[in-house]
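Colleague: I am new to this one and would like to learn how to read it. Could you walk me through a few features?

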Amino acid sequence: MERSDGRVERGNQTRRLVLGRAVRVASSEGLDGLSLGRLAGELKLSKSGVFTLFGSKEELQLATVRAAIRIYTEHVVQPALEEPAGLRRVVRLYESWLTYSQERVFPGGCFFYSVSAEFDAREGRVHDSIAQARADWTAFVERTLQEALEAGEFTEGTDVPQLAFEIIALLEAGNAESVLHGDASVDAKPYQRARRGIRDRLAAAATDPAALPTGD
């Protein structure tokens with residue numbers, strides 16, 4: 001029994017190692033840039049052992065998306081949930097997203113921005129997993145904004161889905177421009193502009209705009 005448990009744990013460790021490398025590769029080169037042989041070679045692992053863990057390229061891609069979701073949740077969603085529901089949580093949410101992109105948690109910037117562009121016009125399980133992850137993210141942003149509305153911190157009649165759409169668009173624009181121009185510095189213009197645009201949009205909807213942070 002102990003020997004069996006040891007093999008399972010070694011398998012889990014190898015799986016974590018492979019997926020840690022896979023999310024980094026995919027964020028820069030796309031999910032199509034992954035292969036069991038490549039990852040085994042780069043990590044100096046047995047190709048047959050890696051194949052046993054994942055079975056196919058598609059299964060590796062799906063597991064990579066799931067691993068990226070866990071990392072994204074840790075760096076973006078969980079910090080926001082540390083704040084009470086309302087405007088403070090909204091601010092922490094967009095700030096944690098900007099930090100996640102700026103600190104290059106994934107070398108290619110936002111993992112889901114990168115792979116969405118790669119798979120948006122395709123069909124299949126990998127496309128569906130990415131689409132579901134994005135839908136879940138949008139729903140979380142909308143729920144966060146709705147909580148602020150219900151707390152009286154946004155004006156009555158605020159169009160929450162529209163506001164969420166605009167915030168996500170500004171975040172992704174900041175990420176894309178930063179990655180394209182190789183600028184992830186503290187004073188990077190794309191992040192400043194994204195932050196300013198989000199603050200302006202929130203101020204237009206807030207019952208107390210003074211409650212929002214000021215400056216870049």
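Colleague: What does the side chain of T144 reach?

Modeller: A polar contact is a pair of N or O atoms within 3.5 Å; within protein, one must be able to donate a hydrogen and the other to accept it, and residues adjacent in sequence count only if both atoms are side-chain atoms. Here, the T144 side chain reaches the backbone oxygen of F140 at 2.8 Å. This is a predicted model, where local features need pLDDT of at least 70, side-chain atom pairs count only at pLDDT 80 or more, and totals for chains, interfaces and linings use all residues. Residues are numbered from 1 along each chain as its sequence is written, and side-chain values use heavy atoms, with hydrogens and water left out.

Colleague: Is T144 buried or exposed?

Modeller: Buried means under 20% relative accessible area, exposed over 50%, partly exposed in between (1.4 Å probe, protein chains only). T144 has a relative accessible area of 3%, so T144 is buried.

Colleague: Where does T144 lie, and which residues is T144 in contact with beyond its neighbours within four places in sequence?

Modeller: Helices are DSSP runs (H or I, at least four residues), numbered from the N terminus. T144 lies in helix α7, residues 125-150. Contact means heavy atoms within 4.5 Å; leaving aside neighbours within four places in sequence, T144 is in contact with R89, V90 and L93.

Colleague: Which residues does W137 touch?

Modeller: Not counting residues up to four places away in sequence, W137 touches Y72, V76, V77, L93, W97, I168 and L171.

Note on methods. Helix = DSSP H or I, 4+ residues; strand = E, 2+ residues; numbered from the N terminus.
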